[in-house]
Amino acid sequence: MKRYSAQEIAFPVTEETIDSIVVGGCFLGGGGGGSMEAGRKLGRLAMEVGVPQVVSAETLPPDSTVVTVSAVGAPAAKDQFCTPMDYVRAVELLSQRGIGIAGLNTSENGGLASVNGWFQSAVLGIPVVDAPCNGRAHPMGTMGAMGLHRLEGYLSVQAAAGGDPRKGLYTELVVSASIVEASRLVRQASISAGGMVAVARNPVQMGYVKEHGAPFALSQALEVGRRIQKGRTISPHRAASEAVEYMGGQLLGEGTVEELRLETKGGFDVGVTFVRTEKYRLELTFWNEFMTLEQEGERLGTFPDLIALMDLSTGLPLPSASLREGQKVLVILVPKGKLILGAGVKDPELLKEAEKVVGKPGGWEC
């Protein structure tokens with residue numbers, strides 16, 4: 001494994017780094033991006049088996065090949081089963097196709113997503129690049145493809161692995177197709193595997209990633225996580241205030257989750273939840289991530305705006321899959337203009353798909 005200099009690495013991987021980035025990543029996940037518990041476990045395991053390295057977007061040559069790594073599936077699926085070695089296996093499946101991989105980048109930020117690639121880096125000796133496909137979490141694989149679906153002649157190569165072999169659900173898949181078709185097949189593989197697969201996909205040059213991805217978004221997740229952690233030592237309200245101040249958002253209030261409707265379908269968690277505050281009732285739709293936020297029928301936020309809930313008892317962000325009726329929460333909104341966004345979540349056609357899924361017309365321009 002090549003050792004990078006202090007100028008080349010984005011930040012050293014330590015236990016503090018892991019604890020902070022999974023919190024900040026979960027906040028930037030906006031309801032998606034996986035659980036902090038899974039992210040913390042995977043990050044610490046990476047440190048146990050090797051030396052994961054996260055390098056800056058300027059470190060790798062523009063013509064070097066970078067591969068996106070992620071998890072695909074429905075976070076609330078009951079039969080999901082994805083081991084750390086499944087993440088390694090997905091990268092190996094791409095390598096076996098003759099792809100020379102110089103770097104790994106995660107598809108998004110999230111409690112798990114922000115450390116995607118760290119275990120693979122420790123085992124395979126390939127650095128992770130601080131240039132995610134997107135600086136927040138998103139539901140569609142195409143949204144994490146940095147606009148490659150619009151690049152004429154680009155052929156997506158995607159590999160997936162996951163599922164519990166004891167239940168006969170273990171699945172491996174390697175597919176070459178258009179971005180849309182390959183993403184659809186990988187999503188179908190996640191359903192066959194019980195709800196979740198580890199994925200390596202879309203080899204592309206580093207120069208393209210820098211232009212169409214979200215450079216420095218991991219560093220942003222780390223910093224907002226550190227601020228939330230610092231605020232939590234005082235109070236949950238202070239943790240929320242630290243996040244709001246750093247991200248340039250607003251705290252809309254606190255309330256109680258009084259109703260939650262969630263259905264896992266098509267490999268996604270889809271639903272709506274209502275938060276009752278002292279003065280009004282808020283409605284939040286989600287498609288893994290929170291998609292829309294309304295107050296008494298008035299639209300306050302629409303994806304890719306960041307809509308985040310934080311647990312009033314702990315000061316920690318909450319994924320949509322972990323919401324429970326009766327929870328006390330803080331509701332935060334960060335405008336899309338304050339986020340580091342990749343090209344995939346700015347695409348009007350993909351935003352129309354999100355609009356159709358949650359059934360909330362209007363306001364989806366980016």
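Asp347 is found in the loop between β14 and α9. Helices (H or I, at least four residues) and strands (E, at least two) are DSSP runs, numbered from the N terminus. This is a predicted model, in which local features need pLDDT of at least 70, side-chain atom pairs count only at pLDDT 80 or more, and totals for chains, interfaces and linings use all residues. Residues are numbered from 1 along each chain as its sequence is written, and side-chain values use heavy atoms, with hydrogens and water left out.

Stay with Asp347. Its relative accessible area is 6%, so Asp347 is buried. Buried means under 20% relative accessible area, exposed over 50%, and partly exposed in between (1.4 Å probe, protein chains only). Asp347 touches His149 and Arg150, not counting residues up to four places away in sequence. Contact here means heavy atoms within 4.5 Å.

Arg150 and Asp347 also meet in a salt bridge through their side chains (2.4 Å, N to O). This pair links distant parts of the chain, 197 residues apart. Arg150 sits in the loop between β4 (128-129) and β5 (156-162). A salt bridge is a side-chain nitrogen of Lys or Arg within 4 Å of a carboxyl oxygen of Asp or Glu.

The structure holds 22 salt bridges. Asp164 pairs with Arg166, with the closest N and O atoms 3.0 Å apart. Asp164 is buried at 5% relative accessibility, whereas Arg166 is exposed at 68%. Glu181 pairs with Arg184, and here the closest N and O atoms are 2.7 Å apart. Both lie in helix α5 (residues 179-192), three residues apart, about one turn of the helix. Glu181 is partly exposed at 31%, and Arg184 is partly exposed at 46%. Elsewhere, Glu258, Glu259, Arg261, Arg276 and Arg281 are linked in a network of salt bridges.

Leu339 also lies in the loop between β14 (328-334) and α9 (348-358). Leu339 is buried, with a relative accessible area of 11%. Residues touched by Leu339 include Leu28, Arg136, Met247 and Pro304. Pro304 and Leu339 are 35 residues apart in sequence and 8.8 Å apart in space, C-alpha to C-alpha.

Now the helices. Helix α1 (residues 15-29) packs with helix α7 (residues 217-232) at an angle of about 100°, with their axes 6 Å apart. Axes are lines fitted to C-alpha atoms, for helices over the stretch in contact, and angles run from 0 to 180 degrees between N-to-C directions. So α1 is roughly perpendicular to α7, a term for angles of 65 to 115 degrees. Among the contact residues are Phe27 and Leu28 of α1 and Leu222 and Ile228 of α7.

Definitions and conventions: Angles under 35 degrees count as roughly parallel, over 145 as roughly antiparallel, 65 to 115 as roughly perpendicular and the rest as oblique.
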